[in-house]
Number of protein chains: 2
Amino acid sequence: MTVIASRSLYRREQMSRTFSPRSIAVVGVSANLGAFGSLTYTNIAGPGRFAGPVYRVNAKYESIDGQPCYPSVAALPETPDCVFIAVPRDAVEAIVTECAQRGVGGVVVFSSGFAETSIPERVAQQQRLLEIARAADMRLLGPNCVGFMNYGLGVVGTFGTASYKGAPQLGAVGLVSQSGAVGAALAQAQEHGLSLSHMLTCGNASDVDVADQVAYLAGDPGCKAIACVFEGMADPSRFLAAADLCREAGKPLVVHKLGTSVRGAQAAVSHTGSVAGSHAAYRAAFEQAGVVMVDELEALLNTTSFFAKAPPPAARGVAVAAVSGGACILLADKAEVHGVDLPHPTPATMAVLEQLIPEYGAPGNPCDMTAQVLSTPKQLHDCFEALMADSQYGALVVPHTYAYGPATARIEILGKAAAEHGKIACNVWMTQHLEGPGAIESEQHPHVATFRSMNHCMAALAAWHKRADWLRDYSGGSPGRLAPASVREHAANLLAASPNAVLTEREGKAVLALYDVPVVREILTHSADEAVAAAREVGLPVVMKVESPDIPHKTEAGVIRLNLKTEDEVRHAFTEVMRNAQAVSPPAKISGVLVQPMVPQGAEIMVGARIDPQFGPMVVVGLGGIFVELLKDVSIRLAPVDQREARKMLDELKAQGVLDGFRGAPPVDRDRLAEVIVRISELAADQAEHIAELDVNPLICARDRIIAVDALITRSRI
Amino acid sequence: MTVIASRSLYRREQMSRTFSPRSIAVVGVSANLGAFGSLTYTNIAGPGRFAGPVYRVNAKYESIDGQPCYPSVAALPETPDCVFIAVPRDAVEAIVTECAQRGVGGVVVFSSGFAETSIPERVAQQQRLLEIARAADMRLLGPNCVGFMNYGLGVVGTFGTASYKGAPQLGAVGLVSQSGAVGAALAQAQEHGLSLSHMLTCGNASDVDVADQVAYLAGDPGCKAIACVFEGMADPSRFLAAADLCREAGKPLVVHKLGTSVRGAQAAVSHTGSVAGSHAAYRAAFEQAGVVMVDELEALLNTTSFFAKAPPPAARGVAVAAVSGGACILLADKAEVHGVDLPHPTPATMAVLEQLIPEYGAPGNPCDMTAQVLSTPKQLHDCFEALMADSQYGALVVPHTYAYGPATARIEILGKAAAEHGKIACNVWMTQHLEGPGAIESEQHPHVATFRSMNHCMAALAAWHKRADWLRDYSGGSPGRLAPASVREHAANLLAASPNAVLTEREGKAVLALYDVPVVREILTHSADEAVAAAREVGLPVVMKVESPDIPHKTEAGVIRLNLKTEDEVRHAFTEVMRNAQAVSPPAKISGVLVQPMVPQGAEIMVGARIDPQFGPMVVVGLGGIFVELLKDVSIRLAPVDQREARKMLDELKAQGVLDGFRGAPPVDRDRLAEVIVRISELAADQAEHIAELDVNPLICARDRIIAVDALITRSRI
């Protein structure tokens, strides 16, 4: 397992010597050009690359290729900011020590075979590297990483032999990848025109991890949006803090999280020793932090590049224009999948389009301009102009079927229309023809976002609107109040006082009531006479159930009776419930029989809380019964949530139609329901150390009230 | 709207002069090299293209570029098999007439502005072309199409100016695209090594449509699998017949259907005049016909190429091996999404892998071989060999992070291991670097399927297993029996006899009973005394409800009473139901009150039937209540279905867990339930002309029996 002492994010200054060095050394350069050190040296010091000094270090050579080689870091004429270490694993520690002594800013360790092997000595070996680096306030990248690239400075700090043919480029997208190979594979997009500012990897992330790297890029002037792919981290709260820095800097953060499957999560442990964590918890946290999630690796860079180029949406609608009717249909299909709105053009826009488009075309949205408009650039320009000028649209999507000669000019026309209206244009290539004319021009146009998948394009547009909504609603800092200290203490005492691992319904409801969660009234009775008196008090009809910490599944045990309408029925039920309770094996502790009023029918909701091992308290909402158990139709958030977030949770449920008054039932008051969710989320947050799990199921939502009729609280093991 | 007289599929011989011509003419060639006719001529007759004679036709020229040009088709020295017509719309008819008179095999009409405009004269104009062609038994491609390509013969029969740089190539994938631009965009993959045999388009599909073209390719020896993208067709049964020819020929048929969204379906009408039809009906039909569906255009060709290369799966399991741990995780995540099984290697395989892989790697599945195995080809080969030899695996997936020098050799090693074991290897490029070394070699390797998306790769593997299951279970021809003639007639008479547009419950159940659908017993009563007598006969407790054709929603009208336990309650209920029924406004016709035994609780299922305007009778199954109404959790098939198909429908329901005995309820007998679905599907098929809609809701599935307690049959309008 990776060993990371929990700490706050590194500040940018603490990492700038590493990622923006003025001088570099490579340890392990040799006469063998295929050695990792030599490859790294060439990548950094080659023509057109890093302009500062790059020193070779290897005790075996005095010079290589006629250039000086130094025996040690200590022997260098100056202290390098960043040192790449390409030596066998067991030689790493000495070099790291030497660097620490010399006052190096940061070291990059390529070697593998440390904590990711899970072998105790190797874990300890990594831990020693970390301690040496920390003691010297020196950053440590890796081990088991492939380094990093700072394109603006020409630092291609990796041993990869793939060509990096593009000139160093001050770019728009900063890429952070925990996995080196994945990052390196993605970074090849730079050669195809995609504008990258950095590619940072961290491998085993012993010191610097993806959260630090995201934070670094949040402050980098060359980077407009950040793409991040990672498999797991010990302390995701640091990642959320980095996401907040991105928000402050106005930089969209786009993430593809790996290890979302059972097998993938297992593989993550043996890859970099990472715990992939709960996918649902990550999704919830990202949702709350305004992080854009993409669910395919192939979508990551194009989506981030879109975000780097796109201004805030000027309108909700998106226009689609193509010279192919088939492409129009394809895009309309994907727009619907992602809930992207394609409003019809205004009459004024339609009038212009009808003049421009031949009769066998289709002015409208999608707009089939027909291939004829390609014959005169003016006609194409006027179509784009008409759609961009329509105030309903914030973006214009144009599929291109071919990358060939005229494509470059057409992309220029499209980009100009976007620039003039301060909107974004999306070019979707419908071909795998990547090297053709127009391909690089499209990637590099500041007002044209480029996609190679209609699906990814429409998903990005949907995410763009969603992020804008999130920014609009962002209320700053931690949401929701916490309960007053007196309530917190009282509830903690109740939780501590229970002798049971699982609280009885009665105990659980007492805790809920402290947090203003409406619970059904109940009277604990010990005889049939008491039960009848209680029924009179709460009013018939009533429900009766045993109160016992040892019988959680009451229906199966026959210790619950519903809808008792007469005093006779109550008396009879008491005897029956007690008899069945006493028959339970092994014998159960029985405190008596609860008498509660029968709550009228209504929509049944489940509100629960869990303590995630990485994220802490989470609140869960779903419709009762089958929806949660069979369909997993739930919405999850980090607790506590505020009223707005609770409303959003309800809006996410697939079966939410039930809340709108299903089959003649009255609609549920979503605001009141959201309030209950807020209260339960506060309980979860306040009492996170005392509870392991909490289920209010069902919470019955009738026309005039919402009331919890059962509650199950499992205490945390102490 | 497109005008197509329903007819059976063209036989291959009827289309071979068009798509495999021995001689070609292009009408509309001119001295202007940019004219459609000139472009088409060059595409067909250029160097290395079609070897047979290609004639120019244009009355304005005697020669072009020093080569002869003929004034008319009539004046040609021989009768061409195929004539491309690139003249203005209003000149088309005369040329088509001339071709028909000369005995041409087929004409290809590029011109637009016919039926797709929906202008009546233009629709008629297209219809005349069709009639002329049909009368001469001459095939007509288009109008409004971009032609076709037969790569084997070098016929690049289109006006597109994009380069077709690859040499003509006898390929594995036959592509059929209704939309010309979409087809032409896809066909560019041929330049990147994807092996195409044909690219056929049909535009307005007045004569030859995608179904005919699929049928043509089913019989083509150069084509091993067929890719088809289309938006709609007038008579999809012909497409299903073509799919059956593919099955007979052992050729997988892979389809991307456009127009699945509301807006996309609207756009389809203005594009080629096509009715996109019901997406659900198409899906159902494709499911039953063993058609592989891809839901992204970008997946179409790679998936089809995979199917062209893949042998039948030798085992259910799939192995994943990578030199990147991140890539391993990514693939495991997508495998889970698509339900692809990644079993652990056998102990014998593990023993071999553990010898080969460094300790910081991860032998297993996915198998992180680490980048070290790349240093010796032997080691890489041995890893692939070990996994391919493991009898649990039918396929091996290997992501490649770079297309660079050594990639070619590695693909060779991978392909060799696949070939030796008669299995398929999948290479997933993790880069957009398409032109690099290995890219074309990977596409062209007969044992390596190439993908550019992990998602598409895993989806294809899942579809491969699904198709194998389908082939195994294929029982030939039309499924299910139809009912005996006497039953059919009797039911038709009952349906015809009802004076109501919507049959009463009693009438509906009588029809169902004829088809052996178990229905709850009932007695129609006209007085409280009769009701009591009926209750005695069927046994208390009972349900009572009004019998009226005018009150379909009984609960809301207060004309249904449940769980009546005593004769008094029955007597009282009769009066109440009658009073409420008589209070309905406007006044309802009342036949009396039905008395039925109360059916014990059980899972509630909805089985229905619809008559799709294109596909005819369909059967629909879902769980009762909210699942159908709010979650649209239903399974649909063309009716009738057999027992196996009915079981598969149940297996498709997301909420099927309810059938397995939810919360202590007894599990539903799926075989008996499937039998009822079969019966209702037979009813739908038999009575398709009499009924518009049928709903059995609920069908109650208790432990020991399944019984329909309500039925709503809407008659078709006559």
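Hi everyone. Let's start with chain A, which has 24 helices and 29 strands (DSSP runs numbered from the N terminus, H or I of at least four residues for helices, E of at least two for strands). This is a predicted model, where local features need pLDDT of at least 70, side-chain atom pairs count only at pLDDT 80 or more, and totals for chains, interfaces and linings use all residues. Residues are numbered from 1 along each chain as its sequence is written, chains are lettered from A and ligands numbered from 1 in the order in which they are written, and side-chain values use heavy atoms, leaving out hydrogens and water.

Along the principal axes, the C-alpha atoms of chain A fill a box of roughly 105 × 75 × 40 Å. Of its 718 residues, 61% count as buried (under 20% relative accessible area, with exposed over 50% and partly exposed in between, using a 1.4 Å probe and protein chains only).

Now over to chain B, and two cis peptide bonds. One runs from N365(B) to P366(B), with omega near 0°; P366(B) sits in the loop between α12 (347-356) and β16 (367-368). Another joins S585(B) to P586(B), with omega near -5°, and P586(B) is in the loop between α21 (567-583) and β23 (592-597).

Next, two asparagines with positive phi. N144(B) has phi near 65° and lies in the loop between β7 (139-141) and β8 (148-150). Is N144(B) buried or exposed? It is buried, at a relative accessible area of 17%. N563(B) has phi of about 55°, belongs to strand β22 (residues 560-564), and is partly exposed at 33% relative accessibility.

Thanks, everyone!
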